[in-house]
Amino acid sequence: MRVHNFSAGPAALPGEVLEQAAREMLDWRGSGVSVMEMSHRSAEFGSIAQKAEADLRSLLSVPSEYRILFMQGGALAENAIVPLNLLRGRVQADYVNTGSWSTKSIREAARYCDVREVASGADSGFTRIPPIEQWQMRPEAAYLHICANETIDGLEYSWVPEPPRDVPLVADMSSNILSRRIDVARFGLIYAGAQKNIGPAGLTIVIVHDDLLGAAHALCPSAFNYQLVAQNQSMYNTPPTYAIYIAGLVFEWISRQREGALSGVAALEARNLRKAHLLYGALDATPFYRTRVVAADRSRMNVPFFLPDAALDARFLEGARERQLVGLKGHKTVGGMRASIYNAMPLAGVEALTAYLAEFARLHA
Ligand SMILES: Cc1ncc(COP(=O)(O)O)c(C=O)c1O
């Protein structure tokens, strides 16, 4: 039996995708082998990887002057890989601190370059994104880094910052890629761990402008050199083949999604908006639950909330489990609850959660 899985990541995948993978597990389309057993150099796997890349390019309308890379190491490794590739002889990089994940990005990048935290939401307890007018950006910085969606704190940019001229924008989109339409041309580089909206852990997606390739630091590991990875169609070393295959099935699933006249990412965006409105509406409907993030910066993907007394947490989670609602425990650093409502979470899952929220508040207020 499948439950409604609100895990922040690795997170729920569409049931259809898992069923297709199960059907194809032992014999991928007459090849006689599982995708897991195929050489990454085989024609079969080549077709899987090329289709996955082409579908992702189409879903996000990635312009032709951008490479799409399938890498490993997760988003945390990108915190080092980005400065190692993007400094291009410069020594400074600018970062906006909006929460736990950008704090980690800053700490890691500071091992490689002169990092400036151009703005920080720490003073507000990471409850708002600092307004861009306050950002102390440097025109000589190699890049400006943001975390598009803070998975733990529940903040998300609803706008794209404009860095100074010649400063490319770099975004960690691990927890909101493919959940809304984006204009890739506004970014120099986008990276995302796959295990939320894309597929299994172990795959990292990088979308990078051609102009940023070819100037990696001499000490950058070859397997993490974007240009080498790009020149080798993400096969410089063995890529996470099975994760790429599942990601490809998820891309096909996204392409099939419809909401009225909308399709693909636009359809998911509309559905995600409805889900988020419904959930925040239920939390706002009673003073029993507390949320922290200001309305304008609330994440559509990760919704942290708190009960009036942490002593109720275990009972809340137990009741949720009885209703087949799992993965709601908040991150250990902030406590409380967190509902992650990525692309694969259906509206019905959010409806079941909001019904339970109302019921629990009635019983315990
Ligand atoms: C926004 C964000 N950045 C970075 C990471 C770290 O990713 P990984 O564990 O794949 O290295 C996560 C993981 O949850 C995340 O949500």
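Is alanine 110 buried, partly exposed or exposed? In this predicted model, alanine 110 has a relative accessibility of 48%. Alanine 110 sits in the loop that links helix H4 (100-109) to strand E4 (114-120). Its C-alpha lies 47 Å from that of alanine 365, across a sequence separation of 255 residues.

Strand E4 belongs to an open sheet of 7 strands. The order is E2-E10-E9-E8-E5-E3-E4, and the pairing is mixed. E2 and E4 stand at the edges. Each has a single partner strand, so one side of each lacks a neighbour in the sheet. On average, neighbouring strands are turned by 20 degrees against each other, direction ignored. Within the sheet, E3 (residues 92-97) and E5 (residues 144-147) run parallel and are joined by 2 bridges. Aspartate 94 stands opposite leucine 144 of E5.

Helix H3 (residues 74-86) lies across E2, E3, E8 (169-172), E9 (189-193) and E10. H3 runs at about 155 degrees to E9. Helix H2 lies across E2 and E10, at about 130 degrees to E2.

H2 spans residues 43-59, 17 residues in total. Its first and last C-alpha atoms are 24 Å apart, close to the 24 Å expected at 1.5 Å a residue. Its buried residues include Phe45, Ile48, Leu56 and Leu59, as well as Asp55 and Arg57. Among the elements covering the buried residues of H2 are strands E2 (66-71) and E10 (204-209) and helices H6 (241-256) and H7 (264-284). Serine 61 follows H2 and has a positive phi, near 45 degrees.

Methods
Residues are numbered from 1 along each chain as its sequence is written. This is a predicted model: local features need pLDDT of at least 70, side-chain atom pairs count only at pLDDT 80 or more; totals for chains, interfaces and linings use all residues. Side-chain values use heavy atoms; hydrogens and water are left out. Helices (H or I, at least four residues) and strands (E, at least two) are DSSP runs, numbered from the N terminus. Buried means under 20% relative accessible area, exposed over 50%, partly exposed in between (1.4 Å probe, protein chains only). The expected span of a helix is 1.5 Å times one less than its number of residues. Contact means heavy atoms within 4.5 Å. Two strands pair if DSSP finds at least two bridges between them. Axes are lines fitted to C-alpha atoms, for helices over the stretch in contact, and angles run from 0 to 180 degrees between N-to-C directions.
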